[in-house]
Amino acid sequence: MFNRRQTLALLGAAAGSVVLPFSANSAGQPLKTLRIGWQKNGVLALAKGKGALEARLKSRGVDVKWSEFSSGPPLLEALGAGAIDFGPTGDVPPLFAQAAGGNLVYAGTYRGSPSGSGILVAKDAPFKSIADLKGKRVAFKRGSSAHNFTVKALRTAGLTVNDVEAIDLSPSDAAAAFTAGKIDAWAIWDPYFAIAEKRPEARVLTTADGIVESWSFFLSNGEFATQHGDVLTEIIDELAIVGRSAQDNLDETVATLSKITGVPEDIQRIILTRKDADLGDVTTISEEAIKYQQALADEFYNLKIVPKKLNVSEIVWKGQQAG
């Protein structure tokens, strides 16, 4: 289903973790280098390709350093430890990061298409519904948005994660396992989902549409937000500008993102034209977003997935400006 070259080229870093040196910007000193963690999708990838943040921050004398991650959990681990300053993630990773005591804050949000996440099975597999997954091997990255999707998808069939054999795999490892027939189902997000669903041997059992909302977030290291809130404001504003321009020029955006990510243009077009997809929907954290995250945090605590009760509002950046 996936050859080795496709897996390496299209699914990104296999390790799912990046080790970065710690070099926090000194308190009270002008920012010299903005360190961003990114994944191969969305408006932040576009900003990277266009050099938008570099141009926006040039007058401040700020350089931008980029580090790629394959999923949210390792990105937030680096963020909370002060190895990077800013990065994007789905809804679940911030809960685990907060529970672990990571020094980070919610800085912004963006809404994606629920159709951009799905559960895949082999085309000739006997599974016709979510209920058929009972007792089967279901792979997803623990602590990722796919974890939340899997919980809620199983619930529609009266099942819990305890009713399946849950297997924690990074996207690239899950792709390899899926190809080899070592797992029965794979819960995954774009661009990995769009790549996989195009393969003739794969079949979409369900998407997240109607099952779970698609909230994603931009987070900042807490110390960075305190010291450089003015820069953080500019980052969110510039990403909104990039997103709106990209949404208004989808043909150009498809080609640009394909060059940046290595994901073919036909796959990028699928991603960008999914129902409710809007690259320009970038904002600071709203009360609606906080309410969503708090409900998710409470649910995962009650399910004993997150080890402690969380107050999401405690780590929401309020938009303070640096003095």
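## Basis of the values

The model is predicted, so local features need pLDDT of at least 70 and side-chain atom pairs count only at pLDDT 80 or more, while totals for chains, interfaces and linings use all residues. Residues are numbered from 1 along each chain as its sequence is written, and side-chain values use heavy atoms, with hydrogens and water left out.

## Overall fold

The chain contains 13 helices and eleven strands. These elements are DSSP runs numbered from the N terminus: helices are H or I with at least four residues, strands are E with at least two. The C-alpha trace spans about 60 × 45 × 35 Å along its principal axes.

Of the 323 residues, 54% are buried. Buried means under 20% relative accessible area, exposed means over 50%, and partly exposed lies in between (1.4 Å probe, protein chains only).

## Surface and charge

The accessible surface of the chain is about 13,700 Å², and carbon and sulfur atoms account for 49% of that area. Accessible areas come from the Shrake-Rupley method with a 1.4 Å probe; for residues, only the protein chains shown count as cover.

The chain carries 35 positive and 36 negative charges, whose mean positions are 4 Å apart. Lys and Arg count as positive and Asp and Glu as negative, without His and the chain ends. Each charge is placed at NZ of Lys, CZ of Arg, CG of Asp or CD of Glu.

Most residues other than glycine have a negative phi, and most peptide bonds are trans. D190 and P191 are joined by a cis peptide bond with omega about 5°. P191 sits in the loop between β8 (185–189) and α8 (192–197).

D276 is not a glycine, yet has a positive phi of about 70°. This residue is in the loop between α12 (265–272) and β11 (282–283), and is exposed at 53% relative accessible area. K304 also has a positive phi, near 65°. K304 belongs to the segment after α13 (287–302) and is exposed, with a relative accessible area of 73%.

## Salt bridges

There are 19 salt bridges, each defined by a side-chain nitrogen of Lys or Arg within 4 Å of a carboxyl oxygen of Asp or Glu. One of them pairs D85 with R35 at 2.6 Å, N to O. D85 is in the loop between α4 (72–80) and β3 (86–89), and R35 is in strand β1 (residues 33–38), 50 residues apart. Both partners are buried, D85 at 2% and R35 at 7% relative accessible area.

R56 and E234 form another salt bridge (2.7 Å, N to O). R56 is in helix α3 (residues 52–57) and E234 in helix α10 (residues 229–248), so this pair ties together parts 178 residues apart in sequence. R56 is partly exposed at 23%, whereas E234 is buried at 16%. In K141 and D168, the closest N and O atoms are 3.6 Å apart. Shared partners also join R56, R60, D230, E234, D237 and E238 into one salt-bridge network.
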